[in-house]
Amino acid sequence: MPEVIAHSLFTEFDISLFASGKHFKLYEKFGAHPLELDGVDGVYFSVWAPSAKTVSVIGDFNSWDGSQYQLNVRWDSSGIWEGFIPSAKKGMRYKFRITSNNNDVVTEKIDPYALFFEESPKTASIIWDISDYSWNDRSWMGYRKDKNSLDKPYSVYEIHAGSWKKKAEGNKFLSYRELADELVTYVKEMNFTHVEFMPIMEYPYDPSWGYQLIGYFAPTSRFGSPQDFMYLIDEFHKNDIGVILDWVPSHFPSDAHGLGFFDGSHLYEHPDTKKGYHPDWKSLIFNYERNEVRSFLISNALFWLDRYHIDGLRVDAVASMIYLDYSREHGEWDPNEFGGNENLAAISFLKDFNQAVYQNFDGVQTIAEESTAFPMVTKPVSLGGLGFGMKWMMGWMHDTLEYFGKDPIHRKHHQNDITFSLAYAFTENFMLPLSHDEVVYGKHSILGRMPGDEWQRFANLRLLYGYMFTHPGTKILFMGGEFGQYEEWNFETSLDWHLLDYEPHQKLQTFVKDLNLFYKSYPALYEKGFSIEGFEWISYGDEANSVITYMRKGHDRENDLVVVCNFTSVVRENYKIGLPRKGVLTEVFNSDKTTYGGSGIKNSIPLKASEVQRDGKPFSAEITLSPLALIVFSFK
């Protein structure tokens, strides 16, 4: 049998941290590491498989012969198998061949820490090294802490890399390098501050959109190499754009080559199907009670922040993690030790994850997709919270889309739908999402939800986006929404870029570009975005006219803005709005501009507040309300 040379990257302290759930850099130890040992080039392999009888490395270097290259199990009962193989080289394919103590079951598994994979549908891991990439984003990394903080503008463009744009010939993906040319330029031109990628980690099944991960430490090879993905991130950073990744610690697929039943036992997944199987997605759920699994997941999160310079992680399906009864009927779940429905281990894991992220990296953010009213999601762990930086405001999304889907003539009966979000807007650090989930499965595109004729649909959409960008909280918009994609999103095809041949779509795109710039240019819209001090109602009770008026405030009173939304197509002249003090209103943004496809009705001259009470305020001014429009005034 060819020799496997005994070698280890693990110290006793590493083993202790791993077993206690506190080792957060396991990617430096596990996996395949090309190195030189005693003057000989080769690869050190290690894998966690405590229920294995034997573990061999099979690959291009031994004709995939499982009788060769058997790894050595550590003496310390950690369940780690390891060894150095001289004939293995970077670029070669490999898997672990595991014979289990459980009835001698033999499986061929991927490396859970692999940095690169064969392109799907092939499944082998590839020996790789990412330490040779030379980053060019030192400037961004130096000032990221200021750029990426919660009192700065945060306008996120959500991307599915495989369907943003495709090559006309053969409907082929753009590569990471091609995206670095086209996508980076586009996002910068559109004035977004950040981009968010739907899961980019390796996944086997395209219709999962990437949410069924296999290779947690590898960017998918569909679009190129790990270094190619690094180059894409580099280009975003060089253009002052932050990069957020979707991260999925909630579940994983049961594909035979993946993490499920990895060593013949329930190693990564919880052994109790009430906690270890997801009925909605037919997938496996991580065992958050197992310390080694917690170390694996938190190491993975920190890996992307460390090795790929990622600026934020959006954590998918948090509600499915923290509730034992999520998507389960009575009898399909067991209460926790206190009789509740909370998954205490998952909650503890999320707290550990957030603490590890914020303790180890400056200027990054974690974002929870949490769809319930679970308390204190964005409060510090030290105060009893989960510790996230932000949380998606799903209630705002649902109520707002419900409201905008109604004919304007009926909106006066549903005023509460558009104002209710402000009753709880400051209980968390909320991000307002119009995401991919809202443009699939028969829900229609965002434009397709708008009522009326073509002019009204586009006016409604501009009003929706304007309301979104002046509402407290950060913003996220799914690709295609910025130019009025008509059809629902289809992951198999490109966005309908040909729509930009038509004036309404061109003008909507111009509007979103200008709206992003307006948002970034006015501190009142972001400096106190998570504080009640940054918002003041002027009027939310004019149901008869379907009009709401509010103020946004920053640190300097000179930057205050007055926002008026007219949710009907009726033009209203001499409309009185209350004001809290003396000052002059100057129109600084109007979604009804002709350059955006609007009617061009506006307030042309500055308007001085008079000492006439209105809306419970001591001063007031008369304005002209454009139809189906958002109007913003500076107030000095």
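## Cavities

On a 1 Å grid over the protein atoms alone, a cavity is a set of points where a 1.4 Å probe fits but cannot get out, whereas a pocket is an open set with protein on both sides within 12 Å along at least five of seven lines. Residues count as lining if they have an atom within 4 Å of a point. Grid points are joined across faces, edges and corners, and a volume is the space filled by probe spheres set on the points. By this rule there are six cavities of 30 Å³ or more. The model is predicted: local features need pLDDT of at least 70 and side-chain atom pairs count only at pLDDT 80 or more, while totals for chains, interfaces and linings use all residues. Residues are numbered from 1 along each chain as its sequence is written, and side-chain values use heavy atoms, with hydrogens and water left out.

The largest cavity has a volume of about 130 Å³. It is lined by 19 residues, and Val-439, Met-479, Gly-480, Gly-481 and Gln-485 are the closest to its centre. Two or more lining residues each come from helix 11 (446-449), helix 12 (454-470) and strand 20 (474-478); helices (H or I, at least four residues) and strands (E, at least two) are DSSP runs, numbered from the N terminus. The lining of the largest cavity comprises eleven nonpolar, six polar and two charged residues. In this classification Ala, Val, Leu, Ile, Met, Phe, Trp, Tyr, Cys and Pro count as nonpolar, Asp, Glu, Lys and Arg as charged, and the others, Gly among them, as polar.

The second largest cavity has a volume of about 110 Å³. Of its 13 lining residues, Ile-285, Ser-320, Tyr-323, Leu-324 and Arg-328 are the closest to the centre. Helix 5 (273-276) and helix 7 (318-322) each contribute at least two residues to this lining, which divides into six nonpolar, four polar and three charged residues.

## Pockets

The largest pocket holds about 500 Å³ of space. Its lining consists of 21 residues, with Trp-209, Tyr-211, Trp-281, Asp-316 and Asp-437 nearest its centre. By class, ten of the lining residues are nonpolar, five polar and six charged.

The second largest pocket holds about 260 Å³. Among its 19 lining residues, Tyr-27, His-33, Leu-115, Asp-129 and Arg-307 are the closest to its centre. Strand 1 (31-37) and helix 6 (291-307) each supply at least two lining residues, and strand 1 gives the largest share, four residues. The lining of the second largest pocket has 13 nonpolar, three polar and three charged residues.

Two packed helices are described by the angle between their axes and the distance between the axes. Axes are lines fitted to C-alpha atoms, for helices over the stretch in contact, and angles run from 0 to 180 degrees between N-to-C directions. Angles under 35 degrees count as roughly parallel, over 145 as roughly antiparallel, 65 to 115 as roughly perpendicular and the rest as oblique.

The axes of helix 3 (residues 176-189) and helix 4 (residues 226-238) come within 9 Å and cross at roughly 15 degrees, so helix 3 is roughly parallel to helix 4. Their crossing is right-handed; a crossing is left-handed if the near helix is turned anticlockwise from the far one by less than a right angle, and right-handed if clockwise. The contact (heavy atoms within 4.5 Å) includes Tyr-176, Leu-183 and Val-187 of helix 3 and Phe-229, Tyr-231 and Phe-236 of helix 4. By class, the contact has ten nonpolar, one polar and three charged residues.

## Helices 9 and 12

The axes of helix 9 (residues 394-404) and helix 12 come within 11 Å and cross at roughly 155 degrees. Helix 9 is therefore roughly antiparallel to helix 12, and the crossing is right-handed. Trp-396, Thr-400, Leu-401 and Phe-404 of helix 9 make the contact with Asn-460, Leu-463, Leu-464, Tyr-467 and Met-468 of helix 12. This contact has seven nonpolar, two polar and no charged residues.

## Helices 6 and 8

Helix 6, which also lines the second largest pocket, packs against helix 8 (residues 344-360) at an angle of about 30 degrees, with the axes 10 Å apart. Helix 6 is therefore roughly parallel to helix 8, and their crossing is right-handed. Among the residues that meet are Leu-297, Ile-298 and Leu-305 in helix 6 and Phe-349, Phe-353 and Val-357 in helix 8. The contact divides into ten nonpolar, two polar and two charged residues.
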